[in-house]
Amino acid sequence: MSQPEHLRSDYAHFQPITTRWHDNDLYGHVNNVVYYSFFDSAVNTYLIEVGGLDIHDGEVVGFVVSSSCDYFASIAFPERIEVGLRVGKLGNSSVQYELAIFKAGEDEACAAGRFVHVFVDRTSNRPVPIPETLRAALARLLRD
């Protein structure tokens with residue numbers, strides 16, 4: 001029997017999120033586009049709290065330039081979930097995040113996604129090297 005591809009033990013950091021009533025769609029489960037919001041919230045919470053990213057006045061911001069998600073099982077309000085986060089690639093000005101959505105306490109992911117941030121100068125919108133405090137925080141999440 002093959003092992004599931006996305007297990008809780010594969011991720012370095014977890015961000016708890018509570019689903020909301022309006023996340024559910026007509027079919028009674030969280031709509032696919034909401035997963036991207038969960039990913040964005042988990043990454044940015046980590047960057048702010050651990051990496052010191054100043055989203056309001058900092059000189060550097062992260063732009064999402066690529067994203068995707070695969071779905072394995074549905075979730076619905078009022079479930080509590082956790083977004084698993086790890087870094088797949090850490091470049092000079094970009095980072096590829098690998099994320100997974102887990103129902104609280106479960107080992108197998110309901111969905112797995114990835115997205116790429118390119119860090120840019122807030123004024124010029126041109127790529128810049130990832131600041132050292134952010135780089136150090138992201139390095140902690142590098143996948144083995």
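**Rings, charges and a helix face**

Let's start with a charge and a ring: the charged end of Arg8 sits over the ring of Phe14, 5.1 Å from its centre. Keep in mind that this is a predicted model.

**Around Tyr11**
- Phe14 also belongs to an aromatic cluster, together with Tyr11 and Phe102.
- Tyr11 has a charge over it too: Arg86 lies over the face of its ring, 4.4 Å from the ring centre.

**Aromatic pairs**
- You'll find seven aromatic pairs in the structure.
- One of them is Tyr11 with Phe102, an edge-to-face pair at 5.8 Å centre to centre, with 70 degrees between the planes.
- That pair links distant parts of the chain, 91 residues apart: Tyr11 is in the segment before strand 1 (13-18), while Phe102 is in strand 4.
- Tyr11 and Phe102 are both buried.
- Tyr35 and Tyr71 have ring centres 5.0 Å apart and planes at 85 degrees, so this pair is edge-to-face.
- Tyr35 is in helix 1 and Tyr71 in strand 2 (residues 60-71), so the pair ties together parts 36 residues apart in sequence.
- Tyr35 counts as buried, at 2% relative accessibility, whereas Tyr71 counts as partly exposed, at 37%.

**Helix 2**
- In helix 2 (residues 132-139), the buried residues are Leu134, Ala137 and Leu138.
- Looking down the axis of helix 2, you'd see its buried residues fall within an arc of 95 degrees, so they line one face of the helix.
- Covering those buried residues are, among others, helix 1 (32-49), strand 3 (80-90), strand 4 (94-103) and strand 5 (111-121).

Note on methods: Residues are numbered from 1 along each chain as its sequence is written. This is a predicted model: local features need pLDDT of at least 70, side-chain atom pairs count only at pLDDT 80 or more; totals for chains, interfaces and linings use all residues. Side-chain values use heavy atoms; hydrogens and water are left out. Buried means under 20% relative accessible area, exposed over 50%, partly exposed in between (1.4 Å probe, protein chains only). Helices (H or I, at least four residues) and strands (E, at least two) are DSSP runs, numbered from the N terminus. The arc is that of the directions from the helix axis to the C-beta atoms. Contact means heavy atoms within 4.5 Å. Rings of Phe, Tyr and Trp (its six-membered ring) pair if their centres lie within 6.5 Å; planes under 30 degrees apart count as stacked, over 60 as edge-to-face and the rest as tilted. A charge sits over a ring if NZ of Lys or CZ of Arg is within 6 Å of the ring centre and within 35 degrees of the ring normal.
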